[in-house]
Every structure is written in structure tokens, then in C-alpha cells.
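I am opening a notebook page on a structure that is new to me. I want to see how its parts are put together.

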Amino acid sequence: MTVTVPGSLGLASEEVRGVLSLARASAPGVRFEVRPEQIELHTTGPHSRETRLACGVALLNARLALQGHGIRPLVTLLPGQSAHDAAAAIRLGGYQEPGPDVLALLRSLHANRRTWTTFPEPAAWRGLLSRAAEVERAWLHVRSGTELVLCTFTQGAAAEIRAGQAMQRVVLAAGTAGFAVSPAHDPVILSALRAELRPCLGDTLVPQIVLRLGTP
């Protein structure tokens, strides 16, 4: 049975359905509630670090999909009762034609590239991926030749949602250049990682996610 999706943010029902389908591409566990004036992202279970990271991934996807329709998304993280305790709410912030950077990220998202191609030279990816993280107010630290640590400037629930957005933008940016970046699947104890990285990061950056060049 097809569930009817209402129009929202000036988009027709089918356009909203396409936005949500793309948003869920890498984060199927996130639930959306669509209202005429905003699109809300909710966790499907109790709020936790993992669910907030997943919401960040879906939020970045939704932002890109909306930008592809010429919509400038206005995002509020953890908006509270005004959005039924959602993790994030997206409202209409105006209209703007998508630039080439947005279109490239959208192509990468549509391709859903997860296949390792060639090993990139450091000069080819450091600047690209670092800029992608910085767009989402995050910082990418190179821990070793193939291992990266995504950091935020604060800690807490909102920072974890930002980390999810930054991780997804880094993954998609890598895809635009023909190589893969994947979250490390082995468990990482963040407190131990913070202690290890404190000499080079100081106390101003909070490690959130370990990423690796290549597929899992």
C-alpha cells in the first residue's frame, strides 16, 4: 500500500516523496514527519549517539535533495516542542538554484558509490575532504595514512547530529572524486581516543567518528 505524503515547503507530494527517498538512502532508520511548513526528522528509537549520527546523515541527504529542487533549507537542530521533540526540523529559507558543488554531491548520493576504485594520493583528498567537513562546522584530523578522525568543536546531542551531517558530506565528497570513505565498523572508545589525540587536538576539538579510506 502506498502511503500518501503531503506537499511541503512549496513542493508537491511526489517531489516530497522523492526527497524523503533520497534522504533515507544511507539512514533507513530515521522517521520523517511531513507538515506543510516543515519536515521533521525523528529517531525511530530512544535518542542515542548512534541514532543522532544517523539523523545527521539523513538530514544532510534531505538538505541536498531540497537544494536540488532550488530550495534553500533552513535547519533547526533539536527544536523541542515546536517540532514534537524532533532531532531536526527543516523549513523554507528561500530559493536558490543549486550550484555545481551541490549537483556533484547529489550525483554521488544517487550513485551510492561504495566500491573501492584506486587508492588516492594524499594531495588529491586531504583538501577536498577537509573542506567538506568544515562546511558542516566540523574538523577532519588525519590519524594515519588511511584513517581519519572527524571532530566537532563542541560535544552533546546537537554536535552528534552535526557530526552525522559532516560524515555524510565527507563520504559524498570522496565519491565525487572516485574513491570511497567509510566509517570504521570496529568499536572505538571515544574517551580513549580523546586522550590519545589530546596532544595534537588540544581541548577544543571533540573526536566523534573514525573514518577510513576504502570500503568496509
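This is a predicted model: local features need pLDDT of at least 70, side-chain atom pairs count only at pLDDT 80 or more; totals for chains, interfaces and linings use all residues.

My entries below cover the sheet, the helices and the cysteines.

I then looked up the strand order. Four strands make an open sheet, ordered β1-β2-β4-β3, with antiparallel pairing. Which strands stand at the edges? They are β1 (30-35) and β3 (71-80). Each has a single partner strand, so one side of each lacks a neighbour in the sheet. From one strand to the next, the twist averages 25°.

I took β1 and β2 (residues 38-43) next. They run antiparallel and are joined by six bridges. Within this pair I found V34 opposite I39 of β2.

**The helices.** I looked for what lies across the sheet strands. Helix α2 (residues 49-68) lies across β1, β2, β3 and β4 (86-95). To β3, α2 runs at about 155°. Then I checked how α2 meets helix α1 (residues 13-23). The two pack at an angle of about 140°, and their axes are 8 Å apart. The crossing of α1 past α2 is right-handed. On α1, the contact is made by V19, L22 and A23. On α2, it is made by A58, N61, A62, A65 and L66. I sorted these residues by kind: seven are nonpolar, one is polar and none is charged.

**The cysteines.** How many disulfides does the structure hold? I found zero. C200 is in no disulfide, and its nearest cysteine sulfur, that of C151, is 8.6 Å away. I also looked up C55: is it buried or exposed? C55 is buried, because its relative accessible area is 2%, under the 20% cut-off.

Methods: Residues are numbered from 1 along each chain as its sequence is written. Side-chain values use heavy atoms; hydrogens and water are left out. Two strands pair if DSSP finds at least two bridges between them. Axes are lines fitted to C-alpha atoms, for helices over the stretch in contact, and angles run from 0 to 180 degrees between N-to-C directions. Contact means heavy atoms within 4.5 Å. A disulfide is a pair of cysteine sulfur atoms within 2.5 Å. Buried means under 20% relative accessible area, exposed over 50%, partly exposed in between (1.4 Å probe, protein chains only). A crossing is left-handed if the near helix is turned anticlockwise from the far one by less than a right angle, and right-handed if clockwise. Ala, Val, Leu, Ile, Met, Phe, Trp, Tyr, Cys and Pro count as nonpolar, Asp, Glu, Lys and Arg as charged, and the others, Gly among them, as polar.
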